[in-house]
Amino acid sequence: MPQAPDPVELTRTLVNLDTVNPPGNEEAAARFLGDLLTEGGLQVNYHTLAEGRMGLMAYLKGERAAPPLCFCGHLDTVPPGGAAWQSPPIEARLNEGRIYGRGASDMKSGLAAMTAAVLSLAAVPRRQADVVMVFTAGEETGSEGAYRMAREGVLPAAVGALVVGEPSGNAAYLGHKGALWLRCRAKGKSAHGSMPEQGDNAILKAARAVLALEDLLGHDLPHPKLGRPTLNVGTISGGTKINMVPDVADFTLDLRTVPGLNHDELHRRVCDRLGPALGVSRLLDLPPVLTDENHPWVRKVLNLLKQKGTLSLPGYVNYFTDASALTPALGTPHTVILGPGEATQAHQTDEWCRVDRIHQAVDIYLEIARSWCGA
């Protein structure tokens, strides 16, 4: 059986594969990792999201029909952005104990560490339980790949626990907010800009609607772990020419939610506040994720982190992950978000990940897997 790859070199190789989404192009990274896992003795199945876009599921079999442990990560990255980088963003650069490049933290270092850990586990005899790896396409644009996997029934029916390798500095995050994204449309009537009284200005309607939403969540109580739900008006657009009264204007809302705040009810609240003159459609609907910190497996993970010298107090985050799609699809396992990247580096110019964090993550993932599999 081949030796497990160096996770740092594996991270660099993955950063050098352009999986910027859009358009994604995750297939090359999926095939590369799939080949490594196949050579290491895992059964690999690929899942196509679109042309050139692919995720994978890999299975390391145990000796008993016990609930499997699942490792999850995403192959795509966000674009480099408009600001200048110190070095090309799709060319991994190693400098003073850090790997620089798009995806170094979010989350190709996590993919590399998971791959190296599971390939090391594959060489350990007499594993009792299975390990499943789910690497997705399209996470950065609303968990498209994870939701497609769930809809098409290609995922395991249930797993016992889920580790999501998003950047956390190897601390354990036990939950994150949900996301409800809405597009709101105001319609009016066009007219010449010199005779606005003959028209109906959709931009003014949209502006009044935005202001009406400002305190929508002002009376919602904070969640004890995830804090307050939030509302952000992300974009607004309308009109075609300066000398025309606009007949259409759109704006988008990014609502971040907490357990207990039902998305259907929240959608109705938005519609009620805006009134029947504005149309409201859903763009994204991801539920929050929350795991009990007192569950025995979670306590084992937290104790392991303490032994490894990383933060052992559970944390909670605002951003969403594929866990929104995968946790309910996999039988609602206890879920821990834990990865070597730095959360503060996600989507940043000159993104980087610490090399020592990558090695530490391999050690943590391997210990979690060995404990689960009785190996």
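Reader: What makes the charged end of Arg98 count as sitting over the ring of Trp352?

Author: In this predicted model, the charged end of Arg98 is 3.6 Å from the centre of the Trp352 ring, and a charge that sits over a ring has to be within 6 Å of the ring centre and within 35 degrees of the ring normal. The charged end of Arg31 likewise sits over the ring of Tyr46, at 4.4 Å from its centre.

Reader: Why is the pair of Phe71 and Tyr365 called edge-to-face?

Author: The structure holds three aromatic pairs, and in this one the planes of Phe71 and Tyr365 are 65° apart, with 5.5 Å from centre to centre. Ring centres have to lie within 6.5 Å, and planes over 60 degrees apart count as edge-to-face, so the name applies. Because Phe71 lies in strand E3 and Tyr365 in helix H9, the pair ties together parts that are 294 residues apart in sequence.

Reader: How do you know whether Tyr365 is buried or exposed?

Author: Buried means under 20% relative accessible area, and Tyr365 has 0%, so Tyr365 counts as buried. Phe71, also with a relative accessible area of 0%, is buried as well.

Reader: What makes Trp297 and Trp372 an edge-to-face pair?

Author: Their ring centres are 6.2 Å apart and their planes stand at 85°, so the pair is edge-to-face. Trp297 lies in helix H7 and Trp372 in helix H9, and therefore the pair ties together parts that are 75 residues apart in sequence.

Definitions and conventions:
Residues are numbered from 1 along each chain as its sequence is written. This is a predicted model: local features need pLDDT of at least 70, side-chain atom pairs count only at pLDDT 80 or more; totals for chains, interfaces and linings use all residues. Side-chain values use heavy atoms; hydrogens and water are left out. Rings of Phe, Tyr and Trp (its six-membered ring) pair if their centres lie within 6.5 Å; planes under 30 degrees apart count as stacked, over 60 as edge-to-face and the rest as tilted. Helices (H or I, at least four residues) and strands (E, at least two) are DSSP runs, numbered from the N terminus. Buried means under 20% relative accessible area, exposed over 50%, partly exposed in between (1.4 Å probe, protein chains only).
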